[in-house]
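Visitor: I have a structure open and would like to learn how to read it. Please take me through some features one by one.

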Amino acid sequence: MLLDLFIGTHTVYAILRPMNVDEKLVARISRENRGAGFDTIRHVLYWNLIQELVKIVADDDCRVPSIHNLRRQFEDGGVKAVFQKKYSAWGSNTKESDPSDTKEFWKCKSLEHEQSRENEFDSLYDKAMNESAELLSSAALSGMKTVRDKLLAHNELKLQNGSYQFVDIRSFGLKYGDERALLEKATDIFNSFFALISRASFDWDRSKSMMEREAKLFWKE
């Protein structure tokens, strides 16, 4: 399920983030002469994060979960109608024995509720579709896909000053920190699709607090 993949990606990011921003941690690792291993772990986690981001956002194989495929499914008017009906449904509050005026009252309330929920669905649908289109065509995602293809899939090298080096991510218009922005944006879009499908939400604040706590325990001296 795509939710599980997003949770896994956020977990990787939670472990990686202190390696990039916690100056005390970096200084301690350096004092303990563990810099080489630390750098290796940091690079592996970073490349893994880039690869996972590209997959959960842009993978277009119809057999796998991704933002791209959720969007493609919801472009089908029939699919949209099914989920809109499910999203808007409101169970009856009346019994056969109820007076006719009571039944009429609850019928009107049900229609009002369903109309309100249909409007809410349409607004959420437009948000999910528009923002996913922007994300899928973004320069950051394009750069990450190129990094994935050139560095992760093929280990492409570049001749520079007489020696071969891995291509710098800045060559593709990327900078460190773009991965966080893209992950947060993709998560927000996923939340919209998740609500359209399940009429529910996921408590990301609580989940990310737990991940950050676990990361602190992992890196604790």
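Visitor: Does Ser66 count as buried or exposed?

Guide: Start with the cut-offs: buried means under 20% relative accessible area, exposed over 50%, and partly exposed in between (1.4 Å probe, protein chains only). Ser66 has 1% relative accessibility, so Ser66 counts as buried. This is a predicted model, where local features need pLDDT of at least 70, side-chain atom pairs count only at pLDDT 80 or more, and totals for chains, interfaces and linings use all residues. Residues are numbered from 1 along each chain as its sequence is written, and side-chain values use heavy atoms, with hydrogens and water left out.

Visitor: Where is Ser66 found, and what is Ser66 in contact with?

Guide: Ser66 sits in the loop between H3 and H4. Contact means heavy atoms within 4.5 Å. Leaving aside neighbours within four places in sequence, Ser66 is in contact with Leu2, Lys55, Ile56, Val57 and Asp59.

Visitor: What does Asp59 count as, and what does Asp59 touch?

Guide: Asp59 also lies in the loop between H3 and H4. With 24% relative accessibility, Asp59 counts as partly exposed. Not counting residues up to four places away in sequence, Asp59 touches Val54, Val64, Ser66, His68 and Asn69. Take Asn69: ten residues separate it from Asp59 along the chain, and their C-alpha atoms are 7.5 Å apart.

Visitor: How many helices and strands does the chain have?

Guide: Helices (H or I, at least four residues) and strands (E, at least two) are DSSP runs, numbered from the N terminus. Here the chain has nine helices and two strands. From the N terminus on, the order is α-α-α-α-α-α-α-β-β-α-α. The chain has 221 residues, and 33% of them are buried.

Visitor: What about H1: how many residues does it have, and where does it bend?

Guide: H1 covers residues 2–21, which is 20 residues. From first C-alpha to last, H1 reaches 28 Å, close to the 28 Å expected. For a bend at a residue, take the angle between axes fitted to the seven residues ending there and the seven starting there. H1 bends by about 25 degrees at Ile15, and Pro18 follows within four residues.

Visitor: What covers the buried residues of H1?

Guide: The buried residues of H1 include Leu2, Phe6, His10 and Tyr13. Their cover includes helices H2, H3, H4, H8 and H9. Thr187 is found in helix H8. It is buried, with a relative accessible area of 4%. Not counting residues up to four places away in sequence, Thr187 touches Phe6, His10 and Trp204.

Visitor: How do H1 and H9 cross?

Guide: Two packed helices are described by the angle between their axes and the distance between the axes. Axes are lines fitted to C-alpha atoms, for helices over the stretch in contact, and angles run from 0 to 180 degrees between N-to-C directions. The axes of H1 and H9 come within 9 Å and cross at roughly 40 degrees. That makes H1 oblique to H9 (under 35 degrees is roughly parallel, over 145 roughly antiparallel, 65 to 115 roughly perpendicular, the rest oblique).

Notes: The expected span of a helix is 1.5 Å times one less than its number of residues.
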